Amino acid sequence: MARKTASMDLLDSFEKIPTRIFTNAKEGSAFAASQIADLIREKQSKNEKCVLGLATGSTPKSLYAELVRMHKEEGLSFKNVIAFNLDEYYPIERDAIQSYHRFMKQQLFDKVDIDQNNCHIPDGTTAKENIKQHCSAYEQKIADAGGIDLQVLGIGVNGHIGFNEPGSSVYTKTRLITLTNSTRLANSYEFANISEVPRLAITMGIGTILKAKKIILMAWGPTKAPVIQQSVEGDDTEHVPASLLQNHDDVTFVIDEMAAAELTRYKSPWLTGECEWTDKMIKRAVVNMALKLGKPVLSLTNTDYNEYGLSDLLVEKGDAYEINLQVYYMLRDSITGWPGGKPNAVIPNHPERSNPYPKKVILFSPHPDDDIISMGGTFQRLHDQGHEVHVAYQTSGNIAVTDEFVTRFLDFAVGFEQMFGIDADKSKKILSEARGYLEKKKSNEVDTKAIREIKGLIRRCEAAATCRYVGLKEGQWHFQNLPFYETGTVEKNPMGEEDVRLTMELFRKIKPQQVYCAGDFADPHGTHLVCFNVVLESLRRIKADGDEWINDCWLWLYKGAWQEWNMEEIEMAIPMSPEQVMKKRFGIFIHQSQKDMVPFQGSDSREFWQRAEERNAATADLYGKLGLTQYAAMEAFVRWHY
């Protein structure tokens, strides 16, 4: 057995569950899939059945995609697999778009050679009076199959596993449970609005889950980071159901780096043993200490460093005063009112280059309003400072328009034509057909092509109006309508060749020196991540092709409507005056179809302008607390090296 190092012992003292951290969800899913495949093949070699417990939701999608690939390309057979799903909404029809029965068939069961009779999912159509009997029978089926050999889990932001909400007993079995409001909000991205999310669900109990011989829990993205830390490093408690997995003999958490962000080995690695004190690590340590102690950076003392666990940093770098100055200057130099670089100025530590000036800029907006919501102040400043700014709207955003908006605008079109003596027969027919369809539309039906196109047109008009509001001219905004998005449902396709081709074409047409792209992977629909990957792949291919202009093209990432960069990550912060904040707000208001409660907006009930203003004000407030100039608001960016 390998000998443990001191740092491993320190790590074990923090982490009570074995945790494997991967660069991204794809790599983590490949690891989990290999574990499952090895078990299936091992059972096959013994002529035994392999009993899998399976999860649903966004987390295991990449796992199932990898298992399907292994089936098609490596001959992995599922003929000996018996599957039991963790949960299902109640009540819900099997063919409803949001049902887990439909999800499993689309993601896995219909794409491999598993015997459909061996696919077990709680039945969301069971009569209420028969629920207890149905749950008892489900438990018996698991027992009759010999118990679950390997259970796959996701985790909710409140720590739930399956639909076992906080407070669920460690002894619970399969049962009907009431969903908490936070869980319903977190899952509302699958439904048109929160009122349509079921209030009940059938779920395996924690006791049932803990009976599995092996457990793999997966988590991706920054929104899962706090609960992963609580589950792995905190006490085991029914208030955080996933923490109860500390009591299992063979459990592994498989997470990406963003989900690992709150673990001590990532957030405060100096506490777990040896630490390489890079400038970035020093900035992280000092900023976090200052914020925790409520002190400006320049007021930190040697005693603060020692009591915060940073005595090693003092030993390596010397007196606190010198370290404080180093961090203060890094923070100060990230602040600029010139996002495109300041002309005719030599500022060695400025975030952007002074030359060339003015620059050609492409601002990529995943949805038709991310540009103004996420970086509206910077957008306006780039234009006002003379840069040639182009906006690329990557998707139509059509699913986020309510049905009421369709009939409202069709009413306008009919009235407009009648007002000016234009033949309105065709528009009347379209309006009548749309009304008829929308009145009868069921939860498992997608909009017709015509309705989707009308919704897309509504969003395009709003986006164009925003660009004109900022001051752009015709030809400076581009509607890409990337094909991956156009499914008509929340579920999108993976990035495709046509998505990359369209983006490379735009790049080569404009040849920008500066690019802004969404780096907010907490977007619950996954659209931002796909859009980012399309941009990144396009830049990589252009670079590989040897285009000269690409060598002078910098890529900056902004966060979207869901969160902000951590203070230690920010490399460029653009301050905004109260007047600029108001101007940005009015720009957001142009997107009338996204006002109030819009479809598929995720777990945050605030309107987008409220999210943006509160986030920008919070960033400015943190700079102020650290001892920098206090501004009304700030937009933050991180440079990505491709």
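View 1. With a relative accessibility of 4%, Tyr 100 counts as buried; here buried means under 20% relative accessible area, exposed over 50% and partly exposed in between, using a 1.4 Å probe and protein chains only. Phe 163, at 2% relative accessibility, counts as buried too. What you are looking at is a predicted model, in which local features need pLDDT of at least 70 and side-chain atom pairs count only at pLDDT 80 or more, while totals for chains, interfaces and linings use all residues. Residues are numbered from 1 along each chain as its sequence is written, and side-chain values use heavy atoms, with hydrogens and water left out.

The structure holds 18 aromatic pairs. Rings of Phe, Tyr and Trp (its six-membered ring) pair if their centres lie within 6.5 Å; planes under 30 degrees apart count as stacked, over 60 as edge-to-face and the rest as tilted. The ring centres of Tyr 100 and Phe 163 are 6.3 Å apart and their planes meet at 15 degrees, so this pair is stacked. Tyr 100 belongs to helix 4 (residues 100-107) and Phe 163 to the loop between strand 6 and strand 7 (175-178), so the pair ties together parts that are 63 residues apart in sequence. Helices (H or I, at least four residues) and strands (E, at least two) are DSSP runs, numbered from the N terminus. Ring pairs also bring in Tyr 89, linking it with Tyr 100 and Phe 163 into a cluster.

**View 2. An edge-to-face pair.** Phe 484 and Tyr 485 form an aromatic pair with 6.4 Å from centre to centre and 85 degrees between the planes, which is edge-to-face. Phe 484 counts as buried at 1% relative accessibility, and Tyr 485 does at 2%.

View 3. All five residues of strand 2 (residues 50-54) are buried. Cys 50, Leu 52 and Leu 54 lie on one side, with Val 51 and Gly 53 on the other. In a regular strand the side chains alternate between the two faces of the sheet.

Five bridges join strand 2 to strand 3 (residues 81-85), and the two run parallel; strands pair if DSSP finds at least two bridges between them. Two bridges join strand 2 to strand 6 (residues 150-153), again running parallel.

**View 4. Inside the largest nonpolar core.** This core has 74 residues, and Leu 67 and Leu 245 have the most contacts inside it. Its largest share, seven residues, comes from helix 2 (residues 25-45). A nonpolar core is a set of buried Ala, Val, Leu, Ile, Met, Phe, Trp, Tyr and Cys residues joined through side-chain atoms within 4.5 Å. Leu 67 touches Ala 33, Ile 36, Leu 76, Phe 78 and Leu 108, not counting residues up to four places away in sequence; contact means heavy atoms within 4.5 Å. A second, separate core of 55 residues includes Ala 392, Val 500, Met 504 and Ile 570.

**View 5. Asp 279 in helix 10.** Asp 279 sits in helix 10 (residues 279-293) and, at 47% relative accessibility, counts as partly exposed. Leaving aside residues up to four places away in sequence, Asp 279 touches Gln 326 and Met 330. From Asp 279 to Phe 479, the C-alpha to C-alpha distance is 40 Å, and the two are 200 residues apart in sequence.
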